[in-house]
Amino acid sequence: MSLWSTFSLPNGLTTVRAVTKFGRPSDEEDLRVAAALSFRDISMTFPDGTEALRDVSFSVDRGEFVTIVGPSGCGKSTLLKIASGLLANTGGTVEVDRERIGYVFQDATLLPWRTVQQNVELLCELHGFDPADRRRLATDAIELVGLRGFENHYPKSLSGGMKMRVSLARTLTLEPPVFLFDEPFGAVDEITRARLNEETLNLFEREQFAGLFITHSISEAVFLSTRVHVMSARPGRLVATYEIPFEYPRKPELRFDPEFARISGEVAASLEGAHT
Amino acid sequence: MSMPDTSSHDSQVPDMTEPLAAADKLRKQSVQRGVAATVVPPIFFGVLLVGVWYLVSYGILEERQRFLLEPPHAVLTEGFLNGANLAEILGGLWSSTKVALIGLSVSIVLGMSLAVAMSQTKLIERAVFPYAVTLQAIPILAIVPLIQFWFGTGQFSRVIVCVIISLFPIIVNTLFGLQSAERGHHDLFTLHHASRWTRLTKLTFPAATPAIFAGLRISAGLSVIGAIVGDFFFGRGEVGIGQLLQKYANRLLGEQLLAAIVMSSALGVGVFLFFGWLQNRAIGKWYDGGGGAPT
Ligand SMILES: Nc1ncnc2c1ncn2[C@@H]1O[C@H](COP(=O)(O)OP(=O)(O)O)[C@@H](O)[C@H]1O
Ligand SMILES: [Mg+2]
């Protein structure tokens, strides 16, 4: 179990939260009520015997952006599927409100027969919002991801980055309190990725959701997060945790800050160790 | 909500549209070139075929054998320009077209319903699928006498022949299509608690449309064959193109025979093209695959 240190919230508020293995039950009780998403001793063994996760515990509160980096195949996607309820964990407990969970997949998963507007309206449709609300929410979300003017385009005519924006907009319409991202920008080019990172950050600063993000990119992790967890090779365990001290709102120039480079270096070294 | 970072987006939008416009222009040019490339070779080959036809009619066949292959212009004047003959062929063609259309409609409704039922319940799929495959394997000529035995030689029997021959591709393609929705899309629907019905109407059925159209094109062609085979075999009742073919062959009316063959082929090609056109109208906007699975 990790030891969390002091860190700053975007509004300048500072919270101290310490959890130890031997914490009194009442402390844990408080934590459970407070966190928007919490994992406690999560284990996952697939029916074929593959042990994907072992005793993973951490939580993400609203206003926190937590990133997991780890070698591929270590169980990161599995963890998000467990968080969202797509998979049932074989050990431990997850606590999260799944009613309006936001989940951005690695693929944009747009429905090709729907236009951008119709794709963005999909989740509101599934949740039974009335047409006027869903049109308004979709229009706002499309505006927010910078796709105004593309409402009537079909996915086949969009670039990879634009598709990802549509996918983000679709998730935003639900104004989810918990936002899961599974390597969402892995398939786009470096420049688009940097821009999408900045936009994700803007969304986070604005909406203050509880963000759980998965990536292979260390600079992406450090740039976005309040906290970075490094996961070991399979079975996935948390082997190191880094508090990222930079205050929000963050500027793109942060990437060139020496402190940014130093922290990225530490995470990289830890990740290097996690591969073996 | 307002946009967090307006300037970067504003400069970006035209950047994205301009390449699209340029690509459109390029595409138009290559389409024109493509049309020339697809139209010229078949015309050339067609002319060659007509040449060979004349060569056989006049160069190889002697005059008393010429009824075996009358020259193209004779087929044209006897088969297509002679009012009485043309009326007879068109009448038969219309009768067979009706049978084909009714048979195809029945196949579409029946086949798609079966496929949807099979996609919803594994048990139904397991129970029905072997029979659907058997249906496909039945040699149609083996079963036609039975149909005649049970139902007579009327239009109803012909429709049955048509359905038997055209049902399978609809079932298989619809079922395949319904199962083709991506895993990630299913996850998305699961995540948001979509009901079975919502999943069918908003995900699996739309995802199936390209495959369904591929099935429709195959079945449309088969239904024309079914209509002609039924009529040809029964040999009585309302006169369709099948009976005409038989009559012309028996009476050595080579010109009419060839004209009737050309017309029935045109019907087959016509329905095939019609469904291709319909597919393009219905899903061309979003679907950029080809014309579906090969037969
Ligand atoms: N349904 C499954 N059955 C068996 N093994 C699985 C299943 N899903 C994933 N795995 C395995 O679990 C491990 C973790 O997968 P995943 O969470 O997708 O890794 P990643 O960290 O790259 O996202 C991998 O080794 C993968 O092969
Ligand atoms: Mg993964």
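Modeller: One term before we start: a polar contact is a pair of N or O atoms within 3.5 Å. Also, keep in mind that this is a predicted model.

Biologist: Okay. Which residues surround ligand 1?
Modeller: The list is A:Phe46, A:Asp48, A:Thr50, A:Ala52, A:Ser72, A:Gly73, A:Cys74, A:Gly75, A:Lys76, A:Ser77, A:Thr78 and A:Arg234.

Biologist: How does that shell divide into nonpolar, polar and charged?
Modeller: There are 3 nonpolar, 6 polar and 3 charged residues.

Biologist: Which helix gives the most to the shell?
Modeller: Helix H2 of chain A, residues 76-84. It gives 3 residues.

Biologist: Now the contacts. How far is the side chain of A:Arg234 from ligand 1?
Modeller: An N or O atom in that side chain is 2.7 Å from an oxygen atom of ligand 1. A:Thr78 also uses its side chain: a polar atom there lies 2.5 Å from a ligand oxygen.

Biologist: And what part of A:Gly75 is 3.0 Å from a ligand oxygen, backbone or side chain?
Modeller: The backbone, through a polar atom.

Biologist: How much of ligand 1 does the protein cover?
Modeller: 65% of the 560 Å² of accessible area that the ligand has on its own.

Biologist: New topic. How many disulfides does the structure hold?
Modeller: 0, over all chains.

Biologist: A:Cys74 was in the shell. Is A:Cys74 buried or exposed?
Modeller: Buried, because its relative accessible area is 0% and the cut-off for buried is under 20%.

Biologist: What about A:Cys124, buried or exposed?
Modeller: A:Cys124 is buried too, with a relative accessible area of 0%.

Technical notes. Residues numbered from 1 in each chain as written. Chains lettered and ligands numbered in written order. Predicted model: local features only at pLDDT ≥ 70, side-chain atom pairs only at ≥ 80, totals over all residues. Heavy atoms only, no water. Near = heavy atom within 4 Å. Polar contact = N/O pair within 3.5 Å; in protein donor to acceptor, adjacent residues only side chain to side chain. Areas by Shrake-Rupley, 256 points an atom, 1.4 Å probe, with all protein chains shown as cover. Helix = DSSP H or I, 4+ residues; strand = E, 2+ residues; numbered from the N terminus. Nonpolar A, V, L, I, M, F, W, Y, C, P; charged D, E, K, R; others polar. Disulfide = S-S within 2.5 Å. Buried < 20%, exposed > 50% of the residue type's maximum accessible area, 1.4 Å probe, protein only.
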